[in-house]
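Hi,

Here is the structure I promised to pass on.

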Amino acid sequence: MTAPGAGAEPTAAPPALSVGLAVGLGGLAAAFLAAGTPLAGAVALVGVALLGASLSAGSVRLCATAGATLAGAVVAAAATAAPPAPIVGGAVLGVAAWDVADHGLGLAAHVGRETTTRRNELVHAAVSLAVGGAAGAVAFGGFLAAGGGQPATALVLLLFGGVALLAALRG
Amino acid sequence: MTATNRWAGLGAAALIVVGVGVLFRSAGAVLAAAVAAGYLAVRAAAARPRPSLDVERVVADEAPDPGDEIRVTVTVRNEGPTLFDLRLIDGVPDGLAVVDGPARHATALRSGDAATFVYTVRAARGDHEWTGLEVVARGPLGARERATTVAAGGRLRCVPAFDGATDLPLRGLTTPFAGRVPTDVGGTGLEFYAVREYRRGDPRGRVDWNRAARTGELATLELREERAATVVLVVDARPAAYVAPSPTAESAVERSVDAAGQLADVLLSKGDRVGAAALSPRTAWLAPDTGHTHRARLRETLVTDPGFAPTPPDPDRRFVSRLWRRQFRRRLPADAQVLLFSPCVDRTPVTFAERLDALGHAVTVVSPDPTPPDRPGGRLAGLERSLRLAELRAAGVRVAEWTPAEPLAAAGDRAARRWSR
């Protein structure tokens, strides 16, 4: 004997569009970083694989791990002396990939897979890419305008400025 | 307004990347950290979502028959600033099952724009009312969210027809009023009952003239008196009784209420006085009465009273069957018989029926069978149930077993063949 009335609950899985977008953006990020150095590309690929796994398992924690792995890929690129352009591109796409994946998991928890969520997902992905792209373009443009090749003191001052800015924005 | 903590780790990650960038003198890493700073800056600067929505809900048919599939259209108009991330969860009334399209939607709305979503519910007996739409709005980067409920009405009222030719023989406990229940009382009526000695004043038409011609003695024919009964229909609607053979099948309570409605219709047509009660923590009681107004009131009670609702009561609500029995006995008229509708999945209805029968209220149990015969667990539950029914029969209670496959009329006929009058 069973209690009737159950079974109308939506499936708590991320929508297919978010899964596709996240893995696609992640793959692009991996391609950018691989263009920097092979090691960074390899770490980024691990991150994308984790991202895919988190989406199929519906796990926010695994998604955070994937994001951390993508950040690790950027660190690996810096440590292996990759040129700036691929690192910036990889960072923008990597953050956007994680954001889209995490957003998809949030949608899964709230409305489930069967719901029409196209517009919501596309707007979120567009906003995310726009913010990342603008920040990357400003930073990279500034870097090019300054002509590259900064002395060490300038870099340290930049570091202090960056730390102060991040500390202000973290709250 | 709550923080979603989505971006919690980004600042830390950016600081690590900056550190590594300085360590390895990599300009790219510092620039990557600047990208993260851009996200954090937008997150800090983004306006908090303040959804101001106008919600309209249209129910395609507000008075459907049970089992009809009804489309519900919800239109949400944004009357405030742009909402980048809007998740809508419609509060479908408990008694209705969504059969097509989840009652949820996610979208982004510019100021003045509207979104529409549609879903289908299956109508179930009762008066169902929509009250609100749950709204979760997030900012552009999803850093903060606000969850609210927007009021939006909607109503669906589903009244089953309850017109059956289903009849179940009543037991011989009757009122002094004329009706259709044959009794063991001699008097005026249609059916032969006995012959007794003539007494002064007996009507001439009832004298047995054949016997008078044969023997020269006067004798009077007695006919079986037919009287009206007072019947209280009791539906077992405790949480335990909300059981069905399969997840999609009707629950025992649903079948019980349907049967009670059909029988009430027939009994009222025959002039009996009919009342109704729910054996449930959500007490429902309608005193026995007769007439057109009462028929309408009884139907209304069966359809809309929360005691007979198609969804189980809150399992945390206390239900003490002793207290319920005592209260019920106080209300029950002395000459009332009881028709108890119960799947008999535990002992409570058995005890109830036995006690009432012992107190002189004739009890008939109609038991919709909720056990699936194709699984070992179901067979075991069925075995336990048939033992309980056997115990009831041994105690002198009439029992009509009612399987999901047969109509109530067939079950009643089958059971009535075994009943003595």
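Chain B is assigned four domains: domain 1 (10-45), domain 2 (53-158), domain 3 (182-226) and domain 4 (230-416). Bear in mind that this is a predicted model. Taken over C-alpha atoms, the centres of domain 3 and domain 4 of chain B are 40 Å apart.

On to where the chains meet. The contact involves 63 residues of chain A and 62 residues of chain B. On the chain B side, the elements giving two or more residues are helix 1 (10-23), helix 2 (27-45), strand 4 (83-90), strand 5 (97-100), strand 6 (104-109) and helix 8 (376-394). Helix 2 of chain B gives the most, 17 residues. By class, that side of chain B has 43 nonpolar, 14 polar and five charged residues.

Then the cores. The largest nonpolar core has 99 residues, and A:V74 and B:V17 touch the most other members. Helix 4 (residues 84-110) of chain A provides the largest share, 14 residues. Domain 1 (10-45) and domain 2 (53-158) of chain B both contribute residues, so this core lies between them. If you leave aside neighbours within four places in sequence, B:V17 contacts A:A71, A:V74, A:V75 and A:A78, along with B:A29, B:A32 and B:A33. There is also a second, separate core of 59 residues, with B:L170, B:V253, B:L268 and B:L302 among them.

Strand 13 (residues 273-279) and strand 14 (residues 284-289) of chain B run antiparallel and are joined by four bridges. Four residues link the two strands in the hairpin, and B:V274 sits opposite B:D289 of strand 14.

Cheers

Key
Residues numbered from 1 in each chain as written. Chains lettered and ligands numbered in written order. Predicted model: local features only at pLDDT ≥ 70, side-chain atom pairs only at ≥ 80, totals over all residues. Domains from an automatic or database assignment. Pairing = 2+ DSSP bridges. Contact = placed C-beta atoms within 7 Å. Nonpolar A, V, L, I, M, F, W, Y, C, P; charged D, E, K, R; others polar. Core = buried A, V, L, I, M, F, W, Y, C linked by C-beta atoms within 7 Å. Buried ≥ 20, exposed ≤ 12 C-beta atoms within 10 Å, placed from the backbone.
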